[in-house]
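The terms are given with their cut-offs where they first come up.

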Amino acid sequence: MGKATGFLEYKRKEDGCIDSLQRIEGFEEFHAHADAEERRCQAARCMDCGVPLCQSAMKLKGMVVGCPLHNLIPEWNDAVYEGHDSHALLRLLKTNPFPEFTGRVCPALCEKTCMNGLNDEPVTIRDNELFIIEEAYRKGRMTPIIPEVRSGKKVAVAGSGPSGLAAAWTLNRRGHSVTVYERDDRIGGLLTYGIPNMKLDKQAVRRRVDLMEKEGVRFITGADVGKNLDAAKLTAENDAVILCCGAKKARALNAEGMDGVTGIRNAVDFLKEVTAGLLDGGISAGLTKQVKNRHVVVVGGGDTGNDCIGTVIRLGAKSVTALEMMPKPPENRTADNPWPEWPRILRTDYGHEEAVAKYGRDPRVFETTVKEVISDKGRIKAVKTVRVRFINGRPEEQEGSEETLKCDLLLIAAGFVGTEDYLPSAMGVTLNERGVVRTEDLDRYATNVPGVFAAGDMHRGQSLVVWAIAEGKSCAAEVDAYLMGYTNL
């Protein structure tokens with residue numbers, strides 16, 4: 001806990017954001033961090049609640065509440081309040097290897113179960129977490145920890161997203177020799193190419209990768225297992241292989257008139273191209289031309305859709321409309337969604353805020369999808385939308401509800417249907433009905449091929465960064481037991 005009466009004395013104060021109209025001028029990270037004094041006041045709000053649900057990760061009505069990493073939240077909040085920043089760091093890193101990532105992009109499952117949230121506002125757990133790790137980097141506390149003894153076992157990790165990095169970090173600390181293979185030209189997976197720079201500055205990713213390299217983890221880019229890297233050779237040269245390649249097979253948009261039409265793009269590919277341009281010295285004129293002064297329609301209301309909104313605004317879109325098939329959520333909890341369940345309410349993310357600031361309206365249109373693409377000489381010029389209602393769990397079009405929207409660029413962010421097929425096929429592992437790698441159950445990571453394991457989105461389907469990290473750590477423990485006959489992880 002923090003200060004016994006802190007929750008009565010201090011009101012919640014989050015880290016701020018740079019003003020919307022100011023931040024859309026570039027792709028710099030928009031977080032504005034509070035100073036140490038304010039963070040200590042916020043940590044003081046952590047009360048002696050007795051049962052800290054924030055670190056529980058328990059299931060309620062089929063949804064997990066609390067932190068999947070079981071972070072020791074009351075402990076490090078107390079340490080921050082007392083000014084014991086070094087101790088806070090030790091307790092934070094005990095469970096979370098990458099708080100610089102979760103402190104920026106996690107939706108803070110922990111805060112939704114904070115006891116303060118029952119009658120007031122929860123503790124700023126995520127912001128406190130980010131303060132701890134950034135202070136540690138700033139003050140030189142994040143130094144390499146190199147294993148004194150090596151096991152002689154070799155592990156290959158395919159994929160360098162959060163689950164791959166977490167598995168590699170954990171197994172390297174255990175003393176195994178780990179090599180991470182990444183098909184892209186940079187390490188980080190979705191941390192690098194899936195999350196825009198304004199949410200997660202890529203220097204934070206590079207900083208961590210550099211530290212892991214000094215600790216002994218080996219990284220190889222441009223290595224695509226199942227294509228330019230032979231899967232059989234990989235398994236033959238290692239004692240274990242972990243597959244952490246995500247679930248990036250995009251859900252198709254079933255609309256008429258799409259075949260052969262330019263100006264329709266998969267959202268993830270679009271976001272990757274923008275980030276790659278930024279990292280390579282500047283976004284290309286060709287990519288900018290696709291968006292600048294254009295009418296953009298985004299299909300999909302999740303994080304990827306929101307990231308597309310923020311991105312096209314920065315690239316100078318004339319307008320942006322976001323279509324969401326699901327009904328508009330309520331603004332406040334309903335009676336059947338009490339604390340500490342995950343609040344199923346309307347959330348306005350950074351992209352939505354920026355659209356309101358620039359265009360004067362919320363870009364979201366609920367219960368609507370694209371029915372037809374209208375093109376001219378092979379290029380999209382408009383979309384015909386239709387309202388939908390869910391009846392017995394299935395969407396049905398509402399007759400007479402069609403509308404036509406100007407559209408020069410259509411970005412499809414309608415979700416994902418599993419992992420790409422070629423790597424599982426090359427490795428000989430089977431997929432389940434959800435299109436991800438099959439294991440005995442969700443809490444096990446061994447595949448049908450001895451010595452081959454899977455973790456992260458490739459194992460559980462598209463999820464959160466914090467879940468990917470948790471999966472990487474848990475998978476590493478199972479791999480360690482496989483290699484050594486026991487595990488102390």
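## Basis

The model is predicted, and local features need pLDDT of at least 70, side-chain atom pairs count only at pLDDT 80 or more, and totals for chains, interfaces and linings use all residues. Residues are numbered from 1 along each chain as its sequence is written, and side-chain values use heavy atoms, with hydrogens and water left out.

Helices (H or I, at least four residues) and strands (E, at least two) are DSSP runs, numbered from the N terminus. Contact means heavy atoms within 4.5 Å. Buried means under 20% relative accessible area, exposed over 50%, and partly exposed in between (1.4 Å probe, protein chains only).

## Second largest pocket

The volume of the second largest pocket is about 1200 Å³. Of its 39 lining residues, Pro68, Leu69, Ala470, Lys473 and Ser474 are the closest to its centre. A pocket is an open set of points on a 1 Å grid over the protein atoms alone, where a 1.4 Å probe fits, with protein on both sides within 12 Å along at least five of seven lines; a cavity is a set from which the probe cannot get out, and lining residues have an atom within 4 Å of a point. Grid points are joined across faces, edges and corners, and the volume is the space filled by probe spheres set on the points.

At least two lining residues come from each of strand 4 (63-65), helix 5 (85-93), helix 9 (162-174), helix 11 (202-215) and helix 19 (465-484). Helix 19 gives the most, with six residues. By residue type, the lining has 21 nonpolar, seven polar and 11 charged members. Here Ala, Val, Leu, Ile, Met, Phe, Trp, Tyr, Cys and Pro count as nonpolar, Asp, Glu, Lys and Arg as charged, and the others, Gly among them, as polar.

## Nonpolar cores

A nonpolar core is a set of buried Ala, Val, Leu, Ile, Met, Phe, Trp, Tyr and Cys residues joined through side-chain atoms within 4.5 Å. The largest one has 68 residues, and Val155, Ile242 and Val479 have the most contacts inside it. Helix 19 provides the largest share of this core, nine residues. Another core, of 25 residues, lies apart from it and includes Ile24, Val291, Val312 and Ala413.

Not counting residues up to four places away in sequence, Val479 touches Val155, Leu171, Ala240, Ile242 and Phe453.

Helix 4 (residues 73-82) has Ile73, Pro74, Trp76, Asn77, Ala79 and Val80 as buried residues. These pack against helix 3 (36-43), helix 5, helix 7 (109-112) and helix 8 (125-138). Gly83 follows helix 4 with a positive phi near 85 degrees.

In helix 16 (residues 350-359), the buried residues are Tyr350, Gly351, His352, Glu354 and Ala355. Their packing partners are helix 2 (20-23), helix 15 (303-314), strand 11 (319-324) and strand 12 (364-366). The loop between strand 11 and helix 16 holds Pro340, which is joined to Trp339 by a cis peptide bond with omega about 5 degrees.

## Selected residues

Met212 belongs to helix 11 and counts as buried because its relative accessibility is 0%. Leaving aside neighbours within four places in sequence, Met212 is in contact with Phe98, Leu165, Ala168, Trp169, Val217 and Phe219. Thr368, in strand 13 (residues 368-376), is buried with a relative accessible area of 5%. With the same exclusion of neighbours within four places, Thr368 contacts Leu323, Glu324, Met325, Thr385, Val386, Arg387 and Val388.

Ala108 sits in the loop between helix 6 (99-105) and helix 7 and is buried at 2% relative accessible area. Asn392 sits in the loop between strand 14 (379-391) and strand 15 (394-397) and is exposed at 78% relative accessibility.

## Cysteines

A disulfide is a pair of cysteine sulfur atoms within 2.5 Å, and by this rule the count is zero. For Cys17, the nearest cysteine sulfur is that of Cys106, 15 Å away. Cys17 is partly exposed, at 44% relative accessibility. For Cys41, the nearest cysteine sulfur is that of Cys46, 14 Å away.
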